[in-house]
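User: I should like to learn how to read a helix and its aromatic neighbours in a model. Could you guide me through the features in turn?

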Amino acid sequence: MNTIEILETGTTLLLPEDGQEFSRAQFLTLSRLMLQYNAGQLSYDQFKIKLVYDFLGLVRSVDIQKEENINLLENLSSICGLVDNYFYEAEHEGKKVRSLHMTFFEQLIPYVVTRDQKFYGPSTALFNTCYGEYLQALTAFNEYSLNGDVQALHRMIATLYRPSKKGLKKRSDHREKFDAATTDHYMKYMARLSPVVKHAIYLFFASCQHFIVNCTELDIGGGNTIDLSVLFNNAGGSKKTQGLGWVGTLYGIAQTNVFGSVEKVAEQNTYDIFAFLVERHREMKALKTTKK
(Lines give C-alpha, C1' and ligand atoms only; values in the text may rest on other atoms or scores of the structure.)
Protein backbone atom coordinates (compact mmCIF):
# COMPACT_ATOMS: atom_id res chain seq x y z
CA MET A 1 0.00 0.00 0.00
CA ASN A 2 1.09 3.57 -0.65
CA THR A 3 1.08 5.46 2.65
CA ILE A 4 -0.04 9.09 2.47
CA GLU A 5 0.42 11.28 5.54
CA ILE A 6 -1.51 14.53 5.96
CA LEU A 7 0.61 16.52 8.42
CA GLU A 8 -2.00 19.21 9.01
CA THR A 9 -4.47 16.72 10.47
CA GLY A 10 -2.15 13.90 11.50
CA THR A 11 -4.09 11.56 9.25
CA THR A 12 -2.59 8.57 7.44
CA LEU A 13 -4.30 7.34 4.29
CA LEU A 14 -3.65 4.22 2.21
CA LEU A 15 -3.79 3.98 -1.59
CA PRO A 16 -3.38 0.57 -3.27
CA GLU A 17 -0.16 0.09 -5.22
CA ASP A 18 -1.84 -2.25 -7.70
CA GLY A 19 -4.98 -4.27 -8.34
CA GLN A 20 -4.00 -7.03 -5.93
CA GLU A 21 -4.54 -4.59 -3.06
CA PHE A 22 -7.97 -3.37 -4.18
CA SER A 23 -11.09 -3.91 -2.13
CA ARG A 24 -14.34 -4.94 -3.82
CA ALA A 25 -15.65 -1.36 -3.57
CA GLN A 26 -12.46 0.05 -5.08
CA PHE A 27 -12.56 -2.47 -7.92
CA LEU A 28 -16.12 -1.49 -8.79
CA THR A 29 -15.18 2.20 -8.60
CA LEU A 30 -12.31 1.59 -11.02
CA SER A 31 -14.67 -0.27 -13.35
CA ARG A 32 -17.20 2.58 -13.28
CA LEU A 33 -14.61 5.28 -13.93
CA MET A 34 -12.90 3.26 -16.65
CA LEU A 35 -16.22 2.96 -18.49
CA GLN A 36 -16.60 6.75 -18.31
CA TYR A 37 -12.99 7.31 -19.36
CA ASN A 38 -13.23 4.87 -22.30
CA ALA A 39 -16.46 6.57 -23.41
CA GLY A 40 -14.72 9.95 -23.45
CA GLN A 41 -16.82 11.28 -20.58
CA LEU A 42 -13.72 11.89 -18.44
CA SER A 43 -10.26 13.12 -19.28
CA TYR A 44 -7.37 11.13 -17.86
CA ASP A 45 -6.71 13.81 -15.22
CA GLN A 46 -10.38 13.86 -14.24
CA PHE A 47 -10.32 10.08 -14.00
CA LYS A 48 -7.34 10.16 -11.63
CA ILE A 49 -8.79 12.87 -9.41
CA LYS A 50 -12.14 11.09 -9.05
CA LEU A 51 -10.39 7.79 -8.35
CA VAL A 52 -8.17 9.32 -5.65
CA TYR A 53 -11.07 11.12 -3.96
CA ASP A 54 -13.12 7.91 -3.90
CA PHE A 55 -10.31 5.57 -2.80
CA LEU A 56 -9.18 7.90 0.00
CA GLY A 57 -12.67 8.94 1.06
CA LEU A 58 -11.91 12.60 0.48
CA VAL A 59 -14.51 15.34 0.24
CA ARG A 60 -13.73 18.53 -1.65
CA SER A 61 -14.25 21.42 0.76
CA VAL A 62 -12.11 24.13 -0.85
CA ASP A 63 -11.75 25.66 -4.30
CA ILE A 64 -8.46 24.24 -5.58
CA GLN A 65 -8.46 26.89 -8.30
CA LYS A 66 -7.80 29.65 -5.75
CA GLU A 67 -4.19 30.73 -5.33
CA GLU A 68 -4.20 30.29 -1.53
CA ASN A 69 -4.92 26.60 -2.04
CA ILE A 70 -2.02 26.00 -4.41
CA ASN A 71 -0.31 23.68 -1.90
CA LEU A 72 -3.38 21.48 -1.76
CA LEU A 73 -3.41 21.29 -5.54
CA GLU A 74 0.25 20.30 -5.61
CA ASN A 75 -0.36 17.59 -3.01
CA LEU A 76 -3.35 16.29 -4.95
CA SER A 77 -1.29 16.19 -8.15
CA SER A 78 1.41 14.17 -6.37
CA ILE A 79 -1.12 11.66 -5.07
CA CYS A 80 -2.79 11.39 -8.48
CA GLY A 81 0.62 10.57 -9.92
CA LEU A 82 0.48 7.28 -8.01
CA VAL A 83 -2.52 6.27 -10.14
CA ASP A 84 -0.23 6.32 -13.19
CA ASN A 85 1.27 3.09 -11.82
CA TYR A 86 -2.02 1.32 -12.59
CA PHE A 87 -1.35 1.87 -16.29
CA TYR A 88 1.30 1.27 -18.92
CA GLU A 89 1.74 2.80 -22.36
CA ALA A 90 1.07 0.61 -25.37
CA GLU A 91 0.89 1.25 -29.10
CA HIS A 92 -2.39 0.68 -30.93
CA GLU A 93 -2.79 1.45 -34.63
CA GLY A 94 0.27 3.67 -34.55
CA LYS A 95 -0.89 5.64 -31.51
CA LYS A 96 0.23 5.47 -27.91
CA VAL A 97 -2.60 4.49 -25.57
CA ARG A 98 -2.87 3.89 -21.83
CA SER A 99 -3.73 0.37 -20.82
CA LEU A 100 -4.47 -1.05 -17.39
CA HIS A 101 -2.02 -3.45 -15.80
CA MET A 102 -4.10 -6.62 -15.53
CA THR A 103 -3.50 -7.41 -11.87
CA PHE A 104 -7.11 -8.01 -10.81
CA PHE A 105 -7.03 -11.83 -10.69
CA GLU A 106 -8.05 -11.94 -7.02
CA GLN A 107 -11.76 -12.80 -6.83
CA LEU A 108 -13.42 -9.63 -5.52
CA ILE A 109 -16.85 -10.43 -6.98
CA PRO A 110 -17.54 -13.93 -5.62
CA TYR A 111 -21.22 -13.71 -6.48
CA VAL A 112 -23.77 -11.55 -8.28
CA VAL A 113 -27.50 -11.19 -7.68
CA THR A 114 -29.91 -10.75 -10.56
CA ARG A 115 -33.64 -11.40 -10.75
CA ASP A 116 -33.45 -12.18 -7.00
CA GLN A 117 -31.20 -15.14 -7.72
CA LYS A 118 -27.59 -15.49 -6.57
CA PHE A 119 -24.95 -16.71 -9.01
CA TYR A 120 -21.50 -17.72 -7.75
CA GLY A 121 -18.30 -17.05 -9.64
CA PRO A 122 -14.98 -18.89 -9.92
CA SER A 123 -12.15 -18.59 -7.45
CA THR A 124 -9.05 -16.41 -7.70
CA ALA A 125 -7.16 -16.91 -10.99
CA LEU A 126 -9.84 -19.42 -12.13
CA PHE A 127 -8.22 -22.14 -10.00
CA ASN A 128 -11.49 -24.05 -9.54
CA THR A 129 -12.71 -23.99 -13.14
CA CYS A 130 -12.99 -27.04 -15.35
CA TYR A 131 -11.30 -27.05 -18.73
CA GLY A 132 -14.50 -26.95 -20.79
CA GLU A 133 -15.72 -23.99 -18.77
CA TYR A 134 -12.41 -22.17 -19.24
CA LEU A 135 -12.36 -22.73 -23.00
CA GLN A 136 -15.95 -21.53 -23.46
CA ALA A 137 -15.27 -18.42 -21.36
CA LEU A 138 -12.03 -17.75 -23.24
CA THR A 139 -13.76 -17.96 -26.61
CA ALA A 140 -16.46 -15.51 -25.49
CA PHE A 141 -13.83 -13.23 -23.91
CA ASN A 142 -11.86 -13.07 -27.16
CA GLU A 143 -15.01 -12.39 -29.19
CA TYR A 144 -16.05 -9.51 -26.94
CA SER A 145 -12.52 -8.10 -26.86
CA LEU A 146 -12.25 -8.12 -30.65
CA ASN A 147 -15.79 -7.15 -31.68
CA GLY A 148 -17.42 -5.57 -28.65
CA ASP A 149 -20.35 -8.00 -28.97
CA VAL A 150 -22.19 -7.58 -25.66
CA GLN A 151 -23.83 -10.98 -26.08
CA ALA A 152 -20.36 -12.51 -26.00
CA LEU A 153 -19.73 -10.70 -22.71
CA HIS A 154 -22.98 -12.09 -21.32
CA ARG A 155 -21.93 -15.57 -22.48
CA MET A 156 -18.57 -15.25 -20.75
CA ILE A 157 -20.18 -14.22 -17.47
CA ALA A 158 -22.92 -16.86 -17.73
CA THR A 159 -20.23 -19.48 -18.26
CA LEU A 160 -18.38 -18.52 -15.08
CA TYR A 161 -21.23 -17.53 -12.75
CA ARG A 162 -23.72 -20.24 -11.89
CA PRO A 163 -26.27 -20.98 -9.14
CA SER A 164 -25.33 -23.00 -6.10
CA LYS A 165 -26.34 -26.64 -6.27
CA LYS A 166 -28.19 -27.96 -3.26
CA GLY A 167 -26.03 -30.03 -0.97
CA LEU A 168 -22.76 -28.46 -2.15
CA LYS A 169 -22.67 -25.36 0.07
CA LYS A 170 -19.85 -26.68 2.24
CA ARG A 171 -17.52 -27.18 -0.71
CA SER A 172 -15.02 -24.55 -1.76
CA ASP A 173 -16.76 -24.38 -5.15
CA HIS A 174 -20.49 -24.62 -4.56
CA ARG A 175 -21.44 -23.66 -8.09
CA GLU A 176 -23.50 -26.20 -9.94
CA LYS A 177 -21.48 -28.33 -12.33
CA PHE A 178 -20.63 -26.61 -15.61
CA ASP A 179 -23.02 -27.54 -18.40
CA ALA A 180 -22.71 -25.66 -21.69
CA ALA A 181 -26.38 -26.39 -22.39
CA THR A 182 -27.43 -24.03 -19.56
CA THR A 183 -25.34 -21.05 -20.67
CA ASP A 184 -27.94 -19.51 -22.99
CA HIS A 185 -30.50 -19.62 -20.21
CA TYR A 186 -28.20 -17.94 -17.69
CA MET A 187 -27.23 -15.29 -20.25
CA LYS A 188 -30.69 -13.77 -19.81
CA TYR A 189 -29.91 -13.21 -16.14
CA MET A 190 -26.45 -11.77 -16.78
CA ALA A 191 -27.86 -9.28 -19.26
CA ARG A 192 -29.58 -7.57 -16.32
CA LEU A 193 -26.37 -6.91 -14.40
CA SER A 194 -25.15 -3.31 -14.27
CA PRO A 195 -22.52 -2.30 -16.85
CA VAL A 196 -20.13 -1.61 -13.97
CA VAL A 197 -20.35 -5.17 -12.65
CA LYS A 198 -20.11 -6.66 -16.16
CA HIS A 199 -16.99 -4.64 -16.91
CA ALA A 200 -15.44 -5.58 -13.55
CA ILE A 201 -15.94 -9.29 -14.33
CA TYR A 202 -14.41 -8.71 -17.75
CA LEU A 203 -11.35 -7.11 -16.11
CA PHE A 204 -11.20 -10.04 -13.68
CA PHE A 205 -11.13 -12.61 -16.48
CA ALA A 206 -8.63 -10.56 -18.49
CA SER A 207 -6.38 -10.45 -15.43
CA CYS A 208 -6.76 -14.19 -14.82
CA GLN A 209 -5.79 -14.85 -18.42
CA HIS A 210 -2.81 -12.50 -18.08
CA PHE A 211 -1.77 -14.39 -14.94
CA ILE A 212 -2.01 -17.75 -16.72
CA VAL A 213 -0.16 -16.65 -19.84
CA ASN A 214 2.70 -15.08 -17.90
CA CYS A 215 2.95 -17.56 -15.01
CA THR A 216 6.49 -18.95 -15.00
CA GLU A 217 6.47 -20.54 -11.54
CA LEU A 218 3.12 -22.08 -10.64
CA ASP A 219 3.34 -23.89 -7.32
CA ILE A 220 2.00 -27.43 -7.75
CA GLY A 221 2.99 -28.61 -4.27
CA GLY A 222 5.91 -30.55 -2.90
CA GLY A 223 8.23 -27.65 -3.63
CA ASN A 224 7.66 -28.11 -7.35
CA THR A 225 6.69 -25.45 -9.88
CA ILE A 226 5.77 -25.44 -13.56
CA ASP A 227 6.10 -22.79 -16.24
CA LEU A 228 2.73 -22.19 -17.92
CA SER A 229 4.10 -19.48 -20.19
CA VAL A 230 5.69 -22.09 -22.50
CA LEU A 231 2.20 -23.03 -23.65
CA PHE A 232 1.54 -19.56 -25.01
CA ASN A 233 4.78 -18.70 -26.79
CA ASN A 234 4.27 -18.67 -30.54
CA ALA A 235 6.94 -18.51 -33.20
CA GLY A 236 7.01 -14.75 -33.09
CA GLY A 237 7.76 -14.70 -29.40
CA SER A 238 4.48 -13.07 -28.40
CA LYS A 239 1.82 -14.60 -26.21
CA LYS A 240 -1.67 -14.86 -27.63
CA THR A 241 -4.61 -17.08 -26.84
CA GLN A 242 -7.31 -17.72 -29.37
CA GLY A 243 -10.29 -19.57 -27.95
CA LEU A 244 -11.06 -21.56 -31.10
CA GLY A 245 -7.44 -22.75 -31.40
CA TRP A 246 -7.41 -23.97 -27.82
CA VAL A 247 -10.66 -25.88 -28.27
CA GLY A 248 -8.61 -28.23 -30.44
CA THR A 249 -6.63 -29.31 -27.38
CA LEU A 250 -9.75 -31.04 -26.06
CA TYR A 251 -9.59 -33.53 -28.92
CA GLY A 252 -5.81 -33.83 -28.87
CA ILE A 253 -5.77 -34.66 -25.16
CA ALA A 254 -8.69 -37.07 -25.55
CA GLN A 255 -6.66 -39.02 -28.13
CA THR A 256 -4.01 -39.74 -25.49
CA ASN A 257 -6.65 -41.54 -23.34
CA VAL A 258 -5.03 -40.10 -20.21
CA PHE A 259 -8.27 -38.49 -19.02
CA GLY A 260 -10.73 -40.33 -21.23
CA SER A 261 -13.18 -38.97 -23.78
CA VAL A 262 -13.53 -35.35 -24.90
CA GLU A 263 -16.31 -34.95 -22.35
CA LYS A 264 -14.05 -36.26 -19.57
CA VAL A 265 -11.23 -33.92 -20.59
CA ALA A 266 -13.64 -30.98 -20.45
CA GLU A 267 -14.55 -31.94 -16.87
CA GLN A 268 -10.95 -31.87 -15.62
CA ASN A 269 -9.60 -28.97 -13.60
CA THR A 270 -8.13 -26.30 -15.88
CA TYR A 271 -4.78 -26.22 -14.15
CA ASP A 272 -4.50 -30.01 -14.18
CA ILE A 273 -4.84 -29.85 -17.94
CA PHE A 274 -2.25 -27.09 -18.11
CA ALA A 275 0.16 -29.23 -16.06
CA PHE A 276 -0.42 -32.13 -18.45
CA LEU A 277 0.22 -29.92 -21.47
CA VAL A 278 3.42 -28.54 -19.92
CA GLU A 279 4.68 -32.08 -19.37
CA ARG A 280 3.86 -32.97 -22.98
CA HIS A 281 5.72 -29.84 -24.06
CA ARG A 282 8.78 -30.95 -22.10
CA GLU A 283 8.64 -34.42 -23.64
CA MET A 284 8.40 -33.02 -27.16
CA LYS A 285 11.24 -30.60 -26.51
CA ALA A 286 13.43 -33.37 -25.12
CA LEU A 287 12.61 -35.58 -28.13
CA LYS A 288 13.63 -32.81 -30.53
CA THR A 289 16.89 -32.33 -28.64
CA THR A 290 17.63 -36.05 -28.80
CA LYS A 291 17.10 -36.15 -32.57
CA LYS A 292 19.61 -33.34 -33.22
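Analyst: Let us begin with burial. In this predicted model, the buried residues of α1 are Q26, F27, L28, T29, L30, S31, L33, M34 and Y37.

User: Which elements do the buried residues of α1 pack against?

Analyst: Their partners are α2 (44–56), β3 (87–92), β4 (95–100) and α7 (195–214). Just after α1, G40 adopts a positive phi of about 80°.

User: What span should helix α1 have?

Analyst: Its 15 residues (24–38), at 1.5 Å a residue, should span 21 Å, and the end C-alpha atoms are 21 Å apart, which agrees.

User: How is a pair of aromatic rings described?

Analyst: Such a pair is described by the distance of the centres and the angle of the planes. The count here comes to 24 aromatic pairs. One of them joins F141 and F205, which are tilted, at 5.1 Å centre to centre with 50° between the planes. This pair links distant parts of the chain, with F141 in helix α4 (residues 131–147) and F205 in helix α7, 64 residues apart.

User: Is F205 buried or exposed?

Analyst: F205 is buried, at a relative accessible area of 0%; F141 is also buried, at 10%.

User: Which residues form an aromatic cluster?

Analyst: F105, F127, Y131, Y134, F211, F232, Y271 and F274 form one cluster.

User: Where does the charged end of R115 sit?

Analyst: It sits over the ring of Y189, 4.9 Å from the ring's centre. K118 lies over the face of Y111, at 4.3 Å from the ring centre.

Conventions: Residues numbered from 1 in each chain as written. Predicted model: local features only at pLDDT ≥ 70, side-chain atom pairs only at ≥ 80, totals over all residues. Heavy atoms only, no water. Helix = DSSP H or I, 4+ residues; strand = E, 2+ residues; numbered from the N terminus. Expected span 1.5 Å × (residues − 1). Buried < 20%, exposed > 50% of the residue type's maximum accessible area, 1.4 Å probe, protein only. Contact = heavy atoms within 4.5 Å. Phe/Tyr/Trp six-rings, centres within 6.5 Å; stacked < 30°, edge-to-face > 60°. Lys NZ or Arg CZ within 6 Å of the ring centre and 35° of its normal.
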